[in-house]
Amino acid sequence: MTDRATRVPAVVAGFRERFGTAPRVFSAPGRVNLIGEHTDYNDGFVLPMAIAERTYVAAAPRSDDTVRVYSRELKKDRSFKLSDAWARRGKWLDYIEGVARALAARGVNVRGADVYVTSEVPLGAGLSSSAALELALGLAFNTLGGGDLTPRDLALVGRAAENEFVGVRSGAMDQLASALGREGHALFIDCRSLEVTPVRLPLDDVRFVICDTGVRHSHASNGYNERRDECQRALALLQRAGRAVQSLREVGVEELDALQRILPEPLVRRVRHVVRENARTSAAVDALKRGHLAAFGRLMNGSHASLRDDYEVSAPELDFAVALAQREPGVIGARMTGGGFGGSAVVLVDGADVENLFESLARGFTEKFGRAPGLRLAMASDGVREEPTAGA
Ligand code: GLA
């Protein structure tokens, strides 16, 4: 991550070199989810925070209806015409085209544009590089087309791009976090009403550390959609058994024992995770508000065990990093974060013990897996925005 004051001019220069004109610059952050995993698509609760690492999109209108995109990290130059029929490519361009087409479907006058993309959010690390791209791009197309969509609207456009065009049936957590992030705060999101409540993080003495295992997940090709199907099947079975529930969010913790008679394996464990994770997330928000960090940490640990054993979306590298962290001095809680099957863990640790934690994770992980994990502090940051380019 670089300072904004140096970052934006570099983005402008990158665009100019490629396309020869002056762009407007938009950016959106990645996110780390503190607790509430695999609950968003079950109408449940989540508690993500936007991080300091951002994706930048520099864009300028063209006179035709071609969208031409260059990705600095992927070193790819691609284009498509808005007037052509859409077909899924199974590639990175689906995100770009998906956002453009999802915006157009909502009445925004999406125009041809030259687009330059560069990102500080590591790809596939479970930190929502795709939501950051969708939001920065959404604001770019919306602004160039004179649209009036709000950040919340743009979050839903991003989710539509992901669901309908990329083919990942994700919930709205990542996009809402990238849209509405607030410095110093996590966001408590009710994924049924989509109400977003910023919760101040008491980060004077403690830090959130992100440990990227380097195991790259691709949700489109792994168990993410399978978990969604399992939740849907479980819900259908509950409804058939006479329960008046519209989503797993409406199932209470006290009902879980009785559900063992209705649901087969592994659905019973999938539901148990979702129901308890919702309860943990509500409890975690209470704990944060009261400054009860030890309670918050225990809930993080419980979340990890549940994702590992009941929901089965962890990975050996995540389990190792989390278990190692949990034994270190000053560590208050640790868990995998994001969709899983790889990606990152998040650790809550006393500020005084951060350095030791970095060293222990780097050493232990490297001994075990032969390569170093990516370690960074998570700083709660603001959501999508246009960057001033005056003087850039
Ligand atoms: C991915 C999805 C989110 C959410 C998480 C799991 O990040 O994009 O919508 O479902 O997985 O909590």
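On a 1 Å grid over the protein atoms alone, a pocket is an open set of points where a 1.4 Å probe fits, with protein on both sides within 12 Å along at least five of seven lines, and its lining residues have an atom within 4 Å of a point. Points are joined across faces, edges and corners, and a volume is the space filled by probe spheres set on them. This is a predicted model, where local features need pLDDT of at least 70 and side-chain atom pairs count only at pLDDT 80 or more, while totals for chains, interfaces and linings use all residues. Residues are numbered from 1 along each chain as its sequence is written, and side-chain values use heavy atoms, with hydrogens and water left out.

**Pockets**

- The largest pocket has a volume of about 930 Å³.
- Its lining counts 45 residues, with Tyr95, Gly124, Ser129, Ser130 and Glu162 nearest the centre.
- H3 gives the most to that lining, at four residues; helices (H or I, at least four residues) and strands (E, at least two) are DSSP runs, numbered from the N terminus.
- The second largest pocket comes in at about 380 Å³.
- Twenty residues line the second largest pocket, and Ala52, Glu183, Met379, Ala380 and Ser381 sit nearest its centre.
- Strands E3 (48-61) and E9 (206-212) each supply at least two residues of the second pocket's lining, and E3 has the largest share, with four.

**Nonpolar cores**

- A nonpolar core is a set of buried Ala, Val, Leu, Ile, Met, Phe, Trp, Tyr and Cys residues joined through side-chain atoms within 4.5 Å; buried means under 20% relative accessible area (1.4 Å probe, protein chains only).
- The largest core has 87 residues, and Val57, Ile96, Leu103, Val115 and Phe141 have the most contacts inside it.
- Eight residues of this core, its largest share, come from H3.
- Valine 115 touches residues including Phe15, Phe19, Val57 and Leu137, leaving aside those up to four places away in sequence; contact means heavy atoms within 4.5 Å.
- Another core lies apart from the largest one, with 31 residues, among them Leu127, Ala186, Ala284 and Phe296.

- For cysteine 191, the nearest cysteine sulfur is that of cysteine 231, 13 Å away.
- Cysteine 191 is buried, at a relative accessible area of 8%.
- Cysteine 231 is buried too, with a value of 4%.

Key: Disulfide = S-S within 2.5 Å. Buried < 20%, exposed > 50% of the residue type's maximum accessible area, 1.4 Å probe, protein only.
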